[in-house]
Amino acid sequence: MIVIPAIDLRDGACVQLVGGEYAQERVRLPDPIAVALDWEAKGFQALHIVDLDAATGRGDNRKVIELLLDRTDLTVQVGGGIRDREAIAWLIDAGATYVVVGTRALEDDEWLAEVAEEFPEQLIVAADVRERQIVTRGWTRTMHMDIDEAMEKLSQHPLAGVLVTAVHKEGLMQGADLSLMDDVVQSTELAVIASGGIATDVDLRLLDDRGVAAAVLGMALYTGALDAAAIAEEFRG
């Protein structure tokens, strides 16, 4: 398993939200480029970039994303408000290794089939979960679909993986939703990327034991709860 630091973009800054609530911003760093280079220097192999403004229709952070992709040699996955093939193509052309699609991929089966065929093994679907129900549109809409049904649908496509975020755990540093991740890993052959609530190296080892391919970390790294260099060294895949 590898650990991937998250760079969540809002108004051009790198932020961390608590519980998926925009009013609960706990971390704000004004220079995302410096943050990315610091994670690279500490030994991480990949970055997870999310455009929070694009995800919620508040604007976008395209210029910052372009700079991040240009300045780092790491494997980078980018998501947030990606709802058409042109946006996918733009990110890949700009240097993204993977593109993370969420809302439209989960709400529009036909569109997902088309883009997955056009960009095989380059798309990661973000399945954001609150109490086992899928949430979309920047966590503002709860779908009539649980994680089991979502995984059954997603497993039919040539995806690079599925990113499962336990939104109810996001930013709280109270531990990963191990039961959820266990169920997801057992339900699919796709690579599973875990996110939400991960707070300790024990959490990471428990996820690794369950067959999780990667874990995206945010708050635990930004607050110093985890030793970033040590985590990068231990979880290198």
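Which side chain makes a polar contact with the side chain of Thr 72? The views below take that residue as their starting point, in a predicted model.

**View 1. Thr 72 and its polar partner.** The answer is Glu 40: the two side chains make a polar contact at 3.3 Å. Leaving aside residues up to four places away in sequence, Thr 72 touches Glu 40 and Leu 47.

**View 2. The loop that holds Thr 72.** Here we follow the chain from helix H3 (62-71) to strand E5 (75-79), with Thr 72 in the loop between them. Is this threonine buried or exposed? Thr 72 counts as buried because its relative accessibility is 7%, and the cut-off for buried is under 20%.

**View 3. Thr 72 and Ala 46.** This view picks out two residues that are 26 residues apart along the chain. Between the C-alpha atoms of Thr 72 and Ala 46, the separation is 9.5 Å.

**View 4. Helix H1 beside helix H3.** The axes of H1 (residues 32-41) and H3 come within 10 Å, crossing at roughly 30 degrees. H1 is therefore roughly parallel to H3, as angles under 35 degrees count as roughly parallel. The crossing of H1 past H3 is right-handed.

**View 5. Residues between H1 and H3.** On the H1 side, the contact is made by Pro 32, Ile 33, Ala 36, Leu 37 and Glu 40. H3 contributes Val 64, Leu 67, Leu 68 and Arg 71. Sorted by type, the residues of this contact are seven nonpolar, two charged and no polar. Glu 40 of H1 belongs to this contact, and its side chain also makes the polar contact with Thr 72 shown in View 1.

Methods
Residues are numbered from 1 along each chain as its sequence is written. This is a predicted model: local features need pLDDT of at least 70, side-chain atom pairs count only at pLDDT 80 or more; totals for chains, interfaces and linings use all residues. Side-chain values use heavy atoms; hydrogens and water are left out. Helices (H or I, at least four residues) and strands (E, at least two) are DSSP runs, numbered from the N terminus. Buried means under 20% relative accessible area, exposed over 50%, partly exposed in between (1.4 Å probe, protein chains only). Contact means heavy atoms within 4.5 Å. A polar contact is a pair of N or O atoms within 3.5 Å; within protein, one must be able to donate a hydrogen and the other to accept it, and residues adjacent in sequence count only if both atoms are side-chain atoms. Axes are lines fitted to C-alpha atoms, for helices over the stretch in contact, and angles run from 0 to 180 degrees between N-to-C directions. Angles under 35 degrees count as roughly parallel, over 145 as roughly antiparallel, 65 to 115 as roughly perpendicular and the rest as oblique. A crossing is left-handed if the near helix is turned anticlockwise from the far one by less than a right angle, and right-handed if clockwise. Ala, Val, Leu, Ile, Met, Phe, Trp, Tyr, Cys and Pro count as nonpolar, Asp, Glu, Lys and Arg as charged, and the others, Gly among them, as polar.
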